[in-house]
Amino acid sequence: MNARLSLPQARRVALHSQGLARVRSTEPVTPRAVGRTFAKLQLVQIDSVNIISRSHFLPFFSRLGNYDRSILNSMAGTAPRKMMEYWAHEASFIRPVHFHDLRVWQNRSWVGSDSLEPALREALEAQILELLAGSRALTAREVKARIGHEEQNNKDGWGWNWSAVKRTLEGLFEQGVVGAASRNDQFERKYSLVKRVLPAAVQAAGDDNPDKYEAMERLIAAAAQAHGIGTVRCFADYFRLPVKASAAAVAALVHKGELQPVTVQGWNAEVFAHTKASVPRAAQARALLSPFDSLVFERRRLEQLFGFHYRLEIYTPAGQRRYGYYVLPFLLGENIVARVDLKADRQHGLLMVRGAFGEPDAPAHTAVELAAELVLMAEWLGLGDVVVLPHGDLAPALAAALG
């Protein structure tokens, strides 16, 4: 790769590395294609919001189009697992090869049992581990019922009002002792001992207590390969790793020849590229991106590369939202040209466009291309018509294109 890149070249590197630079194949999507996409991304973030679809399903639709979501369920819930849950960029499905390295660096103790009375925590841990050793995978409610724990009133309003059993399970999950074997229809984790979740090949080949600095180098190398190009902060954010230790890993990877410093015209920062990253001559994407898509993880990087300012407004009071509750950026070619606030109305079989907004430099055919993508999404979701509400400057043209 040339050590000097224009901003459009850097943008194409990022899109290619994320599997978003090419026109989708018209052939049926195979499990192998889904697996290759996941291997490229390294992880997909999990979120409970289901206003369109669970967030981990959306990145694969963005890259592959209409695919069978049961493929992902099989990859995550059937041995040998190709993906497993753990803390990474928030709660995520990760490639199992990253589990031991992440366990060394992740510290989400605030979601677990650290604040419980030590005697209670130790007693619950012992009961839970004994139960799971001889049981199928269980939800927190099932574990609580099996061990017969009587809950004290949660007068402090802690967290999500989790029970002590749930908090203990999450503490064991964060420690890497207990894993998530699958999720039920209510999206609750079904817990099992991690040795039953982690693929046997990873257990046999991997070091379950790796050197933390070597682990950091492997994680940063994976993040850099998924990003293609970025700053230390970009790479650290991918797996939510400490920036200072990530910077040391970047320096080590530069010395080893896996990363190289690059100058990007218009990007006023110290930027690095993975040496295996390529610079396509053009990007021909058409994709709606989840708010939790790995391309948009790092908002400053997104604004630097694409000139696109993006904030998730789920937690903003309705009257103060600028664009809407669940807004997806629309990628066309190599630019983000619009954003749409979407909702799947499953009761009436409709994909609702509650707002559609074009970017200042959106091309004239944006509405037509966005309409085609929305029709494809509705088909993938098993919905019928796409309905556009009159909100946003792009809404009239989009409604006409769908008419």
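This is a predicted model: local features need pLDDT of at least 70, side-chain atom pairs count only at pLDDT 80 or more; totals for chains, interfaces and linings use all residues.

Biologist: How many of the five residues of strand β4 (residues 90-94) are buried?
Modeller: Residues are numbered from 1 along each chain as its sequence is written, and side-chain values use heavy atoms, with hydrogens and water left out. Strands (E, at least two residues) and helices (H or I, at least four) are DSSP runs numbered from the N terminus, and buried means under 20% relative accessible area, exposed over 50%, partly exposed in between (1.4 Å probe, protein chains only). β4 is mostly covered, and its buried residues number four.

Biologist: Which residue in β4 is the bridge partner of W87?
Modeller: Strands pair if DSSP finds at least two bridges between them. Strand β3 (residues 84-88) pairs with β4 in the antiparallel sense over five bridges, and a hairpin joins the two through one residue. In β4, the partner of W87 is A91.

Biologist: With which residue does E85 form a salt bridge?
Modeller: A salt bridge here is a side-chain nitrogen of Lys or Arg within 4 Å of a carboxyl oxygen of Asp or Glu, and the structure holds 19 of them. For E85, the closest N and O atoms of the pair are 2.8 Å apart. The pair links distant parts of the chain, strand β3 and strand β6 (residues 189-193), 104 residues apart. E85 is buried at 3% relative accessible area, and its partner, buried at 9%, is R189.

Biologist: Is D101 buried or exposed?
Modeller: D101 forms a salt bridge with R218, the closest N and O atoms being 2.8 Å apart. D101 lies in helix α5 (residues 99-105) and R218 in helix α11 (residues 212-227), so the pair ties together parts that are 117 residues apart in sequence. R218 counts as partly exposed at 39% relative accessibility. D101, at 5%, counts as buried.

Biologist: How far apart are the end C-alpha atoms of helix α15 (residues 366-381)?
Modeller: The expected span is 1.5 Å times one less than the number of residues. For the 16 residues of α15 that should give 22 Å, and the model agrees, with its end C-alpha atoms apart by 22 Å.
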